[in-house]
Amino acid sequence: MSDQFTLRDLFDKTGAAPKEKARGTDIFGFPNRSNQRRFPYYCISGEEYSDPKGHLASITFPNVQIPFEKLWQYPKINPGNRRVRVFCSCEAFQYWGAAYHSTQEGYRIPGTGSEGRSPDIRDPNGTGYLCKHLIRVARRVVHQTFPQLLKDFEIISSVKKSYASLIEPTLYEFLERTGVDQNKIVNTCGSLNEHNWEQVLDTSGMLVKTDSLGG
Ligand SMILES: [Zn+2]
């Protein structure tokens with residue numbers, strides 16, 4: 001079992017079809033403050049015009065030992081060449097190969113579940129290493145330095161108030177798909193606000209909890 005993939009490796013191992021689907025997807029960093037070792041990107045695909053909710057595609061760098069507040073000082077470290085772990089809240093990640101490959105090959109972010117069933121029908125060539133959202137993230141990050149990546153996660157005050165409303169439909173669908181009781185879904189989504197959204201997403205498993213080095 002390999003446990004050393006970089007985003008560049010995972011992008012290269014991923015087949016052509018999801019890469020084609022990833023075109024036109026807009027992404028931006030979803031700033032969070034309680035855990036600065038995770039980087040969730042809000043991704044919204046151009047082809048999902050009939051289903052306008054986006055998804056959260058997260059990456060972490062378990063081997064980067066420099067405290068993240070100091071990464072600003074390391075402009076030559078390229079995150080695309082560091083070992084990475086990934087997770088996406090979307091259905092394709094769960095069912096089309098990425099959940100399986102990431103579980104089996106050790107690049108799934110710990111605490112986001114596991115998948116032991118090989119999706120032989122939906123991923124017949126075994127190349128579904130990343131969903132289209134993570135492909136889009138990879139395309140961006142492999143060309144960045146860490147200071148550039150961190151800049152994508154600065155809180156933009158004009159956007160701040162809309163994070164909760166932006167993520168609510170995504171959270172609803174995610175909880176429904178993961179088998180959460182309907183009353184609880186309604187209560188959880190109803191409680192989302194501009195102050196607690198990070199904590200609610202964290203508790204719901206949409207934001208990854210990992211804060212560990214190595215492992
Ligand atoms: Zn995805």
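Q: What pattern does the chain follow when read along the sequence?
A: Read along the sequence, this predicted model follows the pattern α-α-β-β-β-β-α-α-α-α-α-α-α-α. The chain has 10 helices and 4 strands.

Q: What makes the 4 strands an open sheet, and in which order do they stand?
A: The order is β1-β2-β3-β4, with antiparallel pairing. β1 (26–29) and β4 stand at the edges, and each has a single partner strand, so one side of each lacks a neighbour in the sheet. Neighbouring strands of this sheet are turned against each other by 25 degrees on average, direction ignored.

Q: How do you know that strands β2 and β3 pair?
A: Two strands pair if at least two bridges are found between them. Strand β2 (residues 38–44) and β3 have 6 bridges, in the antiparallel sense, so by the cut-off of at least two they count as paired. One of the residues bridged to β3 is Y42, whose partner there is L56.

Q: How many bridges join β3 to β4, and in which sense do the strands run?
A: There are 4 bridges between β3 and strand β4 (residues 85–88), and the two strands run antiparallel. The bridge partner of T60 in β4 is R85.

Q: Why is strand β3 called largely enclosed by the rest of the structure?
A: A residue counts as buried if 20 or more other C-beta atoms lie within 10 Å of its own. In β3 (residues 55–60), 6 of the 6 residues are buried, so the strand is largely enclosed by the rest of the structure. H55, A57 and I59 point one way from β3, while L56, S58 and T60 point the other way, and all are buried. For the chain, buried residues make up 35% of the 215 residues.

Q: Which helix lies across β1, β2, β3 and β4?
A: Helix α5 (residues 132–141) lies across these strands and runs at about 50 degrees to β3.

Q: Why are α8 and α9 called roughly antiparallel?
A: Angles over 145 degrees count as roughly antiparallel. Helix α8 (residues 163–177) and helix α9 (residues 182–191) pack at an angle of about 160 degrees, with their axes 10 Å apart. The two helices are therefore roughly antiparallel to each other. Their crossing is right-handed. On α8 the contact is made by E168, L171, Y172, L175 and E176, and on α9 by I185, T188 and C189. These residues divide into 5 nonpolar, 1 polar and 2 charged.

Q: Why are α8 and α10 called roughly parallel?
A: Here the cut-off is an angle under 35 degrees. α8 and helix α10 (residues 197–204) pack at about 15 degrees, with their axes 11 Å apart. The conclusion is therefore that α8 and α10 are roughly parallel to each other. α8 passes α10 in a left-handed crossing.

Q: Which residues make the contact of α8 with α10?
A: Y163, A164, I167, L171 and L175 of α8 meet W197, L201 and S204 of α10. The residues of this contact divide into 7 nonpolar, 1 polar and no charged.

Q: What share of the contacts between residues at least 6 apart in sequence join residues at least 24 apart?
A: The share is 70% in this chain. Two residues count as in contact if their C-beta atoms lie within 7 Å.

How values were computed: Residues are numbered from 1 along each chain as its sequence is written. This is a predicted model: local features need pLDDT of at least 70, side-chain atom pairs count only at pLDDT 80 or more; totals for chains, interfaces and linings use all residues. A residue is buried if 20 or more other C-beta atoms lie within 10 Å of its own, exposed if 12 or fewer, and partly exposed in between; C-beta atoms are placed from the backbone. Axes are lines fitted to C-alpha atoms, for helices over the stretch in contact, and angles run from 0 to 180 degrees between N-to-C directions. Angles under 35 degrees count as roughly parallel, over 145 as roughly antiparallel, 65 to 115 as roughly perpendicular and the rest as oblique. A crossing is left-handed if the near helix is turned anticlockwise from the far one by less than a right angle, and right-handed if clockwise. Ala, Val, Leu, Ile, Met, Phe, Trp, Tyr, Cys and Pro count as nonpolar, Asp, Glu, Lys and Arg as charged, and the others, Gly among them, as polar.
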